[in-house]
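Please read these notes with the sequence and the structure open beside you.

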Amino acid sequence: MIKGLSITPPILGRISIGRVVERNGKRLPEKDDAFTITTQVQNKDGWILHPLHKTLEDAADNKKIRSIPITLLFNAPALNLRAEYTLFDWTNGRPVCVGNGETARQHIDGCIRERPCTSPDSCQLAKEGGCKPYGRLNVQVEGQDDVLSIFVFRTTGFNSIRTLAAKLQYFHALAQQATRHLPLQLKLRAKSTTMSHRTPIYYADIALRDGISLTEALATAQAADQAEREAGMDVKLLESAAHQGYANGVFEDSPDEVPAILEEFFPEADKTEGTDLSADGASAADTPTNQAKPLKQGITPRPSKLSDRIGSKTLQTDTAH
């Protein structure tokens, strides 16, 4: 296996809430009140819809997808939801610092260094550079044609990350090794706060599918788990392989994905207007987008490389000690 390359579950498509629109010559995220399921292919109009999107849209009220029938590829919550504080460098599109609130991995002068992570609220570099919580939920959508691949829902919203993390932990506590067989749905929920000026904030949640009780869901999952065991499947080995794949690289997102991620979750508005349109509690939704295009060469970078600033601060810290 190539060292330094993170081996993540193969992606069939993307699940998003929102889109990117052009406003005053800039491409900025805009909230929506429904899910969108896309392929990984873009054309001049944005991301191409996945065939499962139309299937669910036709069955939904008002043609708006507000719930998606899903299952999980893994039992372990940490494999289904990957969430970290992430800081990107707009001058080169690379992740510079990734942390979990305790330790952080920083990319400085071609080297990876571990440093304490104090979270964005108390990290000066994070405040300067636009560090955010960044989550990736991996799910399988009912009707997909590959049993070992996933659809990814990306978000920088606290509400989505906190809710998804809690639900995954709770369901795993109840179902243990049968969690991956629970009949679940990804649901769109709304709330309003003073920060949102009383307008709805949309975020993602995981729940049992409509009409299924918890006892029924657990019985169904246990039966499916038993059938897998009798067929010779070892899910623990599958999860061990997934853990090794994630640990094989420093940063999970591949270089070709980063431009679209920057435009969706770390938009140019962060630098010019101080507005975060992709995180809940701000002026728009807790959403990734479904119309993002790769960054163009003309986008204005931050005035200096974050890696240079990190290196300078690290040198001062090391010297002081």
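1. Which residues are buried in α1? They are Leu52, His53 and Leu56. Buried means under 20% relative accessible area, exposed means over 50%, and partly exposed lies in between (1.4 Å probe, protein chains only). The three cover an arc of only 105° around the axis, which puts them on the same side of α1. The arc is taken from the directions from the helix axis to the C-beta atoms. On the other side of α1, Pro51, Lys54 and Thr55 are exposed.

2. A word on the source: this is a predicted model, in which local features need pLDDT of at least 70 and side-chain atom pairs count only at pLDDT 80 or more, while totals for chains, interfaces and linings use all residues. Residues are numbered from 1 along each chain as its sequence is written, and side-chain values use heavy atoms, with hydrogens and water left out.

3. The protein chain has nine helices and 14 strands. Helices (H or I, at least four residues) and strands (E, at least two) are DSSP runs, numbered from the N terminus. Of the 321 residues in the chain, 50% count as buried. Contact means heavy atoms within 4.5 Å. Among contacts between residues at least 6 apart in sequence, 68% join residues at least 24 apart.

4. The buried residues of α1 pack against β4 (36–43), β5 (46–49), β6, β11 and β12. Pro51, also in helix α1, has a relative accessible area of 58% and is therefore exposed. Its C-alpha atom is separated by 10.0 Å from that of Gly143, 92 residues apart along the chain.

5. Helix α4 (residues 158–175) has 18 residues, which should span 26 Å at 1.5 Å a residue; the end C-alpha atoms are 26 Å apart, so the two agree. The expected span is 1.5 Å times one less than the number of residues. Buried residues in α4 include Ile161, Leu164, Leu168 and Phe171. Just after α4, Gln176 takes a positive phi of about 55°.

6. A nonpolar core is a set of buried Ala, Val, Leu, Ile, Met, Phe, Trp, Tyr and Cys residues joined through side-chain atoms within 4.5 Å. The largest one has 31 residues, of which Ile15, Phe35, Ile68, Leu137, Leu186 and Ile206 touch the most other members. Elements that each supply at least two residues of this core include α1, α4 and α5 (214–231). Leaving aside residues up to four places away in sequence, Ile68 touches Ile15, Phe35, Ile37, Leu56, Val141, Leu184, Gln185 and Leu186. A second, separate core of eight residues includes Leu73, Leu79, Ile150 and Val152.

7. How many aromatic pairs does the structure hold? There is one. Rings of Phe, Tyr and Trp (its six-membered ring) pair if their centres lie within 6.5 Å; planes under 30 degrees apart count as stacked, over 60 as edge-to-face and the rest as tilted. Phe35 and Phe153 are edge-to-face, 6.5 Å centre to centre with 85° between the planes. Phe35 is in the loop between β3 (26–30) and β4, and Phe153 is in strand β12, 118 residues apart. Both are buried.

8. The whole structure has zero disulfides, a disulfide being a pair of cysteine sulfur atoms within 2.5 Å. The closest cysteine sulfur to that of Cys117 is in Cys97, 6.4 Å away and so too far for a bond. Cys117 is buried, with a relative accessible area of 12%.
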